[in-house]
Amino acid sequence: MGDIVLIKTRLAGTDLDISPVGLGTVKIGRDQGVKYPNGFTIPDDRQVTDLLALCRDLGINLIDTAPAYGTSETRLGPLLRGQRDHWVICSKAGEEFDNTTGESAYIFTPEHIRSSVERSLRRLETDYIDILLIHSDGNDMQIINEFGALDVLNDLKAEGKIRAGGMSGKTVEGGIETLKRSDCAMVTYNLNQPDEAPVLDYAHQHHKGILIKKALASGHLCLNEGEDPVQASFNFIFRHPGVHSAIVGTINPDHLQKNVAAVKRAIETMV
């Protein structure tokens, strides 16, 4: 396994060193209202513990969660006890998922964002969250300008409750404005959805951080025929110099190892 250990890199504009692969944890807390091509069973604590141990062996230190991921934060808190210094934790605020109805609600008021962060700190059993992103519903500019959501994150950063802030957005305009006003952005970018490339361009030009979501199009890229779709997608993603890390939302250890190997090959071809 040692031949595919990932090398960490500095998330531009922050003091955080992160692995080029981050573990997405929606599947450990939520199986409703998700857009994966195949169904799955939420893993038990032993399976998640083993997956986290595998991440550490592979050199992964970035873990991505959110209140909208069902019980993800609540489960991670106890499972990460004694390991806090190893992990760079990214969580979010703004989207609330109701397990009863299977629907999401979005609340971007400063009061809600602050209370959401406080709740995440309790759930994750930590004094600080490394990266806190606004979980956009697609109305990026309204969230920024009318609700002042990024201003709240800047306040929380000054208070030491988060180390970096930004938005997981859905528009080019919102992504660039996020980078103008905060540290980093989470952007959809893959072979099927390259439209947010201007956000990556801006980040690279202005020394800001970029995390990639849906790197494999929520698993749908893997259904393409022809060349290895996973390797092709990671080659495409890491060819852009603005990219720092791609979030991979798998609970399958074999898939995780293969994804890490593909990312390592992609990065090596760029050197």
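Trainee: Over how many bridges do β8 and β9 pair in the parallel sense?
Mentor: Helices (H or I, at least four residues) and strands (E, at least two) are DSSP runs numbered from the N terminus, and two strands pair if DSSP finds at least two bridges between them. I134 has M167 in β9 as its bridge partner. The parallel pairing of β8 with β9 runs over six bridges.

Trainee: What kind of model is this?
Mentor: Residues are numbered from 1 along each chain as its sequence is written, and side-chain values use heavy atoms, with hydrogens and water left out. Local features need pLDDT of at least 70 and side-chain atom pairs count only at pLDDT 80 or more, while totals for chains, interfaces and linings use all residues, since we are looking at a predicted model.

Trainee: Which strands make up the closed barrel, in order?
Mentor: The barrel has eight strands with parallel pairing, running β3-β4-β5-β8-β9-β10-β11-β12. On average, with direction ignored, neighbouring strands of this sheet are turned by 30° against each other, where axes are lines fitted to C-alpha atoms (for helices over the stretch in contact) and angles run from 0 to 180 degrees between N-to-C directions.

Trainee: Which residue in β12 does L23 stand opposite?
Mentor: Strand β3 covers residues 21–24 and strand β12 covers residues 245–248, and the two pair in the parallel sense over three bridges. Within β12, the residue opposite L23 is V248.

Trainee: Which residue in β8 is the bridge partner of C90?
Mentor: On one side, strand β4 (residues 62–64) pairs with β5 in the parallel sense over three bridges, and D64 has C90 in β5 as its bridge partner. Strand β5 (residues 88–93) also runs parallel to β8, joined to it by four bridges. In β8, the partner of C90 is I131.

Trainee: How many of the residues of β8 are buried?
Mentor: Buried means under 20% relative accessible area, exposed over 50%, and partly exposed in between (1.4 Å probe, protein chains only). Strand β5 is mostly covered, with six of its six residues buried, and both of its faces are covered, V88, C90 and K92 on one side and I89, S91 and A93 on the other. Strand β8 is largely enclosed by the rest of the structure, because its buried residues number seven of seven.

Trainee: Which residues of α5 are buried?
Mentor: Helix α5 (residues 149–158) lies across β8 (129–135) and β9 (162–168), and runs at about 165° to β9. Its buried residues are covered by elements including α3 (110–124), β8, α4 (140–145), β9 and α6 (172–181), with contact meaning heavy atoms within 4.5 Å. The buried residues of α5 are A149, L150, V152, L153 and L156.

Trainee: Why are they on the same side of α5?
Mentor: The arc is that of the directions from the helix axis to the C-beta atoms. These residues are on the same side of α5 because they cover an arc of only 150°.

Trainee: Is Y189 buried or exposed?
Mentor: Y189 sits in the loop between β10 (184–188) and α7 (197–206). Leaving aside its neighbours within four places in sequence, its contacts include P194, L200, I212, F236 and H240. With a relative accessible area of 5%, Y189 is buried.
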